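Biologist: I am new to reading protein models. Could we walk through this one together, one question at a time?

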Amino acid sequence: MFNVSLKLEKRPSDSQTMSFLSPLLAILLTLICGGILFALLGHDPLEALYTFFISPLSDAYGWAELGIKVAPLLLCATGLMMCFKAKIWNIGAEGQFIMGGLGGSWAALQFMDASSSWVLVPIMLTGMASGLAWAAITAYLKTHFKANEILTTIMLNYIAVNALLWAVHGPLKDPQGFNFPESALFVDTTLLPLINEDYRLNISIFFGLFAVVAVWTLMSRTWVGYQIQVLGEDAKAARYAGFKENQLTWFALLTCGALAGLAGVSEVTGPIGQLIPSISPGYGYAAIIVVFLGRMNPIGLVFASMLLALTYMGGEMVQMEMALPKSLTGLFQGMLLFFLLACDLLISYRVVLVKKMLDKKVSPSATVDAA
Amino acid sequence: MARLALTGITKAYPGCIANQDVSLEVKAGEIHALLGENGAGKSTLMKIIYGVVKPDAGTFLWEGQAITVNGPSHARSMGIGMVFQHFSLFETLTVAENIALGLPKEEGRDLAALSKRIKEVSQHYNMGLDPERYVHTLSVGEQQRVEIVRCLLQDIKLLILDEPTSVLTPQEVKGLFKTLNTLSEEGCAILFISHKLDEVTELCHGATILRNGQVSGDCNPQQVTSADIARMMVGNDTPLSEDYVKAEGKEAVLSIRELDYRSDDPFASPLHKLSLQVKAGEILGIAGVAGNGQDELMALLSGEERCEKKAINLLGEDIGDLPPGLRRKLGFAFVPEERLGRGAVPDMSLQQNALLSSSHLGLINKGLINFAKVSEYAQNVITKYKVKSAGLSAQAKSLSGGNLQKFIIGREIEQNPKLLVCSHPTWGVDIGASILIRHALIDLRDRGAAILVVSEDIDELYQISDRICAICHGDLSPIKKTQEVNIETLGQWMAGQFGDESAGPTEGEPAYV
């Protein structure tokens, strides 16, 4: 008598192939489910998917727009990668991004009569410091009170949003702005230089690429990076080796805060050019997906942030072309993460067909001493 | 007719046989001890009785009838109760609420009636327990009472206790024994799992000793000594061979002075005024049954836990409050008990793992890792200690226990430490690797290093130690030359009977007063 069933079985060692294939599989499943969704909404799925994923990149302008969105995603994701490597589950890149934008805007508004672009240096630094300070709250709560960083960072995200709303309705509101909740438009010297005058893409994309290379070097070549990795992989081994857990936690969180802050300030001094209530379409959250989709690998991170950037453009495109809601962006991002987490199960497990013989007699085989 | 009679119980896991042909009989009203070293198969046997694990072969007679236990709830309905070593209580609920959770619906619903029964039962058995109190306000001993009362509320016929005294104060132990005696007088059979031989001889009417998954002896603890039982636990037949020449230590490298320690962890064992010296060119062995303070002593020596600065002295420097890294710079090296998940990072390569504890050997230059040097160091360890692996990039977790242990021992010894502390150096390691590891330790000793070895393996300690002692309940026995200590004496020491000598320091040890 045989009884056949499917069973998950632990692999003897993690599959490298699956680790690489899992994101691709997740993207494929997302596309299939997205297609079904479009079909249910009464659209030709292939045409809709084309509109969502391909048509935004049909010209150079589209690619430049993609770069604008890749820059903040890449900066946030790079910082998050470092935290996640240490198993510090920082969900607060969004809040750190917003605070960076808020702090940077305040600085930019102090230089309304600046004649040289050098004022960008203090503006950028203020933005970074603001994000860093926001992350410092989490680091302090974690190292002193063992407060769970997932909770504190999420709560701080909401506080950051409200701080931003308060600022645009209050102290940073443009006095000549007809009472709109917006700051004054920043002057040209406080805006990030454009790479090409025909497009909106600015030098923040270089910040992102530089950050990826710098953090990757740090993690793979330096003693600090090694310690962060050990801490994340095996906290007991880190204690055995005598690594300073609290210091490493501070380091990872502050670095992430500064990078997310830089992303925030680059956004207000870049494509937006002023402080508005909605400076982030959720870059800090999307960056979490980028980190996992990119396998915490520098090249993977670049590609993953391009894909996530595309979901923002695709959402706008289907809204314009097909009158579908822009919130499809969030739906696609969510599906992507959902399928990725599901597929990741296959890295350490495999599906096997079990043929079970009923009434099997078990008999002890080899005699080995119990360990 | 025995209440519980097991015959020929066998349970095999892939790669090891946890229980082989185990027979055990417990009569009504008997307090029966189940003894054995770590890994002897006690837990597996317990789980078989409680229905958590199904045996591959053997018969299970319950009051004369052959049955199969289908699971813990079935076992409970038969009248078998079990108190695990680590409790399963919700701290934010009251005693009564916790107990109600484990009861069938109809019984658990009426909290007032339940509280009354809890009071009655706990008073009857001399265990003061207030059903209204929240569990987080209870001491560990009181929490254990909750677990026991939970078992007693049903019609209990066999109570299994897994190392119940490990978390109790001596007074609480006395109280527990009183309760157990009352229960036994009422005809309840008790299976008492313990490491502590003195308690077994005090309390139990019968004992079964397990070794390597097999029964190595049955005895009546009232009629034999603790030392006899210890002998059965560690084995009679294994020759206590003496292959290595014993050495005489020179100047002291490590001095521990009156080390008192109590951890926040209720499951940890406190240390009492522990003093010892390890000298250059000798191996000091500390015997003892697990859980008597060895882990705490190791963590204090390695710097993972800190104590008063002056309590630990390494080569003239007080290091009690120093972190691990600074201790290593002074010539300290440490092989922990856990290979994977402390001594080595499971998912990292051997190359990366080589760096874990040896960063002070010039492998780091201005914060940058010198990978060439790290590789060289790791390769040297792999070659010299015959570590079988897929190379430098092999993950630590892909190695067999013996090979990973050789790697870790090699990594520590190649730092040329002045003091090497090893916890269970050959635990769960095959014979070939054990020989290589012991040989490496002797070599290091002959090069003039001081070595401290903690082990449960008595044969090993006799083989490699130049001086030997035992730890029990956080107290250290006298330290003597290995040749002068016979196994009976060592067995007594392991049971905490240090004789008259325990009062003062011995054999040239300076008195720290």
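Modeller: Happy to! This is a predicted model, in which local features need pLDDT of at least 70 and side-chain atom pairs count only at pLDDT 80 or more, while totals for chains, interfaces and linings use all residues. Residues are numbered from 1 along each chain as its sequence is written, and chains are lettered from A and ligands numbered from 1 in the order in which they are written.

Biologist: How many helices and strands does the secondary structure of chain A come to?

Modeller: We count DSSP runs, numbered from the N terminus: a helix is H or I over at least four residues, and a strand is E over at least two. On that basis, chain A comes to 13 helices and two strands.

Biologist: What percentage of the residues in chain A is buried?

Modeller: We count the other C-beta atoms within 10 Å of a residue's own, with C-beta atoms placed from the backbone: 20 or more is buried, 12 or fewer is exposed, and in between is partly exposed. Chain A has 371 residues, and the buried share of them is 45%.

Biologist: At what angle do the axes of α1(A) and α13(A) cross?

Modeller: Two packed helices are described by the angle between their axes and the distance between the axes. The axes are lines fitted to C-alpha atoms over the stretch in contact, and the angle runs from 0 to 180 degrees between N-to-C directions. For α1 (residues 16-40) and α13 (residues 328-348) of chain A, the axes come within 8 Å and the angle is roughly 140°.

Biologist: Is α1(A) parallel or oblique to α13(A)?

Modeller: Under 35 degrees counts as roughly parallel, over 145 as roughly antiparallel, 65 to 115 as roughly perpendicular, and the rest as oblique. The crossing is at roughly 140°. That makes the relation of α1(A) to α13(A) oblique.

Biologist: How many nonpolar residues does the contact of α1(A) with α13(A) have?

Modeller: Residues are in contact if their C-beta atoms, placed from the backbone, lie within 7 Å. Among those that meet are Met18(A) and Leu25(A) in α1(A), and Phe332(A) and Leu336(A) in α13(A). Ala, Val, Leu, Ile, Met, Phe, Trp, Tyr, Cys and Pro count as nonpolar, Asp, Glu, Lys and Arg as charged, and the others, Gly among them, as polar. By class, the contact has four polar, one charged and 15 nonpolar residues.

Biologist: Now chain B. Which residue in the turn between β4(B) and β5(B) has a positive phi?

Modeller: Strands pair if DSSP finds at least two bridges between them, and β4(B) and β5(B) pair in the antiparallel sense over two bridges. They form a hairpin with two residues between them, and the one in the turn with a positive phi of about 50° is Glu63(B).

Biologist: Is Glu63(B) exposed or partly exposed?

Modeller: Glu63(B) lies in the loop between β4 and β5 of chain B. Glu63(B) has 15 other C-beta atoms within 10 Å, so it is partly exposed.

Biologist: Which residues of β19(B) point the opposite way from Leu419(B), Val421(B) and Ser423(B)?

Modeller: Five of the five residues of β19(B) are buried, so this strand is largely enclosed by the rest of the structure. Leu419(B), Val421(B) and Ser423(B) point one way, and the other way point Leu420(B) and Cys422(B).

Biologist: Which residue in β20(B) is the bridge partner of Leu419(B)?

Modeller: β19(B) runs parallel to β16 (residues 332-335) of chain B, joined by four bridges, and Phe332(B) stands opposite Leu419(B) there. Five bridges also join β19(B) to β20 (residues 450-454) of chain B, again in parallel. In β20(B), the partner of Leu419(B) is Ala450(B).

Methods. Contact = placed C-beta atoms within 7 Å.
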